[in-house]
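Morning, everyone. Please have the structure open on your screens.

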Amino acid sequence: MDRRDFLKNSAMAAAAVAIAPYAKAGDAISPAENKTAANAPLIDSAPMLQNYAETSIGIAFSVTDYANGYVEYGLQPDLSDAKRVKCGGYRVTDMNNQIIRVRLTGLQPATRYYYRIGADRIGYGGGYNMKITGNQTCSEIYSFTTAGKKANPHFCVINDTHAHWDAFARVTDKIAQLAPSCVIWNGDACNTEETVDAQKRIFLKPEINRKDYAASMPHLFCPGNHDLRGMANRHLERVWMYRQPEERLSRDWDLGRNFAVRMGDIALIGLDTAEDKQDTNPLFAGLYNSQEYRKAQTEWLKHALKQKDIASAPHIVAFCHIPLFDDDPTHNPGDVAPADKDPAYTKDFALWQRTCANMWTPLLQKAGCRVIITAHMHKYRFDAPTGSRKWAQIVGGGPKINSKNGFPTVIEGFTEGKELVIRIHNVSQGTVVAEHRFNAK
């Protein structure tokens, strides 16, 4: 190997280590900074099921002190056959005083599992001065069902929740009523989050009555532009785990948010449109690398669409936050401003057409994708297919209950016979505003 290749490969290896989900600096604060009372409940949130997949799932929950968290799971409702899996990977566990993240792997597709969460409180006085000072194993037993070709083909999509709790409460109530196999959170769950506590408030401790909204309902995540903004959101994986590395090629290990999941007759494809402004925008001080990120996802998408379970699915549905099509080519996918005041806005949309739309949609269309579900505009919209554009685009609504045109939506998808049915629920009015049907590819 010559020197140039050696340096290139070494840089790639270093990058892979830097993005390892359990190697992030700042995952937990130091013992001296931890001011939580020792007698406070150790676990202070319900669990959240993350990264719905065929053979693995992530489970996260909040803690108030240094803890070694775990999940006990099994096939029996009483957990008489339970196995215990600790947080973190090999070598050492992910002792943490903010968020516990546990990955269950080696699961069977389309199979119901039962689980409960727990944690040991850790008194840490140094490398040779550690002890368990308490334990909390939650009595509540939850369940989840993994993805797979035999799973129930039924999903729901939420988007642009932006921590509007009145709307979020109605959204989660509607999803509980519909009981889908999984939920796709299609971006902008956040606003601009500077602290891990703020992130926990959004995902693990929302200000709604249904605190366990994601304890039995697996979620998938397609980030929005706001989910990148703020110091804490630069490492959102501290709260919402990356996907399992074995779910993708080693080339794509840094693409921790993309997903290609089979659910019955439906293949779910998740893409990340990233920031809605150019990387060169002076607002961001050169701290974004979205353009190269989108290009890398294109290579991932080529491979994902060729996977046997994905390619053979009768229906392919893609999800991303920012729309990939608009009737008005002058529209910017981000905050609209007059071009004479900020010409960068019109340039941004040209960038979008050149990257996400032009690179991703030909691949999706060739694979037989009939529907792309997007968000970002805070207004429900349906873009019907055309002669050259074979796919429809459905744009989800906004986060405000009393908005006339931007009402919050739950987009529901399921199969009926050989058809894919997409139903749009207005959760403000409790009505169905539209239903769209698509034939198999």
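Look at helix H4. Its buried residues are Ser290, Gln291, Tyr293, Arg294, Gln297, Thr298, Trp300, Leu301 and Ala304. Buried means under 20% relative accessible area, exposed over 50%, and partly exposed in between (1.4 Å probe, protein chains only). Helices (H or I, at least four residues) and strands (E, at least two) are DSSP runs, numbered from the N terminus. H4 covers residues 290–304 and spans 20 Å from first C-alpha to last, close to the expected 21 Å. That expectation is 1.5 Å times one less than the number of residues.

A word on the source. This is a predicted model, where local features need pLDDT of at least 70, side-chain atom pairs count only at pLDDT 80 or more, and totals for chains, interfaces and linings use all residues. Residues are numbered from 1 along each chain as its sequence is written, and side-chain values use heavy atoms, leaving out hydrogens and water.

Now the cores. A nonpolar core is a set of buried Ala, Val, Leu, Ile, Met, Phe, Trp, Tyr and Cys residues joined through side-chain atoms within 4.5 Å. How many residues has the largest one? It has 29, and Val410 is among those with the most contacts inside it. Helix H2 gives the most to this core, 5 residues. A second, separate core has 28 residues, including Leu220 and Phe407.

Last, confidence. pLDDT is the predictor's confidence in each residue, from 0 to 100. The protein's mean is 87. Residues 1–35 stay under 50, and residues 332–341 are below 50 too. Where pLDDT is low, the predicted coordinates should not be read in detail.

Definitions and conventions: Contact means heavy atoms within 4.5 Å.
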